[in-house]
Amino acid sequence: MRPMFADSILDFGQQNKRHAFATTTSFIFNCLAVGVMLIMPLVFTETLPKAQLLTFLVAPPPPPPPPPPAAEQVQRVIRQIQTDVLNTGQLRTPTRIPQKVQMIKEEEAPPPLAATGAVAGGQLGGVIGGIVSATSSLANVPKLQPVVPQRVRISQGVTKGLLIHRVEPSYPPLARAARVQGDVVLTAVISVNGEIENLQLISGHPMLVPAAISAVKQWRYKPYLLNGQPVEVETTITVIFSLSS
């Protein structure tokens, strides 16, 4: 029993030594093979691809030339303009005729001011050169009066505030018996004295229109003032007929 155990231990140790030796030998052989593969291109340089090496060594094309500076262009335009002007200050005859000729129309000069009370070269009523003094010119300027329209149009809400005398229309008996009700819309012109003028019908039931017109003709309004002056007013008047009232 003991000799068999000793033999197995001895065999196991020998196997480990063989395995370590084989690993070391394989590692050294691989290192030598890699080193030879790296050194071969350096030793035998004639085997390298020459065409590929030449493409790597080609220099890039030079950059394009920069554009001319703006200052040179300005100087070129100035020199071109100077060539069209003579030493005497007059323009040179153009060498070519332009395709399109533009006519320049100058504004007419304003008429000379009439200097009232001014004497040429004196100061009577003005200053030197015949210019009117400030006080005399302001005295001769006419005062502008505001233009007041003869007639303006306002809403019903404004006219209700101006109403000072209102006559209620009488309900027509025939319309009450027929149970007719509704609104009668009229247009009217209120004079500068507040009286109703030019009364016209817009809409309404025929049974109710005569009573509405008869009542509205008796209404009176306060004058409508515009810029402090009374003016005629055009407005709309609505008369309501209701059986519940």
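Hi everyone. Let's start with strand β1, residues 151-153, which pairs with β7 in the parallel sense over three bridges. Within that pairing, Arg 151 stands opposite Glu 232 in β7.

Before going further, a word on confidence: this is a predicted model. The chain averages a pLDDT of 74, and 53% of the residues score at least 70. Residues 117-121 stay under 50, and the model gives that stretch seven contacts beyond four places in sequence. Where pLDDT is low, the predicted coordinates should not be read in detail.

Back to β7, which spans residues 229-241 and pairs with β3 in the antiparallel sense over nine bridges.

Now, how much of β3 is buried? Seven of its nine residues, 182-190, are, so the strand is largely enclosed by the rest of the structure.

β3 also has β4, residues 196-203, as an antiparallel partner, with five bridges between them. There, Val 189 has Glu 197 as its bridge partner. The two strands form a hairpin with five residues between them, and Gly 194 takes a positive phi near 90 degrees.

Let's finish with another hairpin, made by β6 and β7 with two residues between the strands. In its turn, Asn 227 has a positive phi of about 55 degrees. β6 covers residues 224-226 and runs antiparallel to β7, joined by three bridges. One of the pairs to look for is Leu 225 with Pro 230 in β7.

Definitions and conventions: Residues numbered from 1 in each chain as written. Predicted model: local features only at pLDDT ≥ 70, side-chain atom pairs only at ≥ 80, totals over all residues. Heavy atoms only, no water. pLDDT = per-residue confidence, 0-100. Contact = heavy atoms within 4.5 Å. Buried < 20%, exposed > 50% of the residue type's maximum accessible area, 1.4 Å probe, protein only. Helix = DSSP H or I, 4+ residues; strand = E, 2+ residues; numbered from the N terminus. Pairing = 2+ DSSP bridges.
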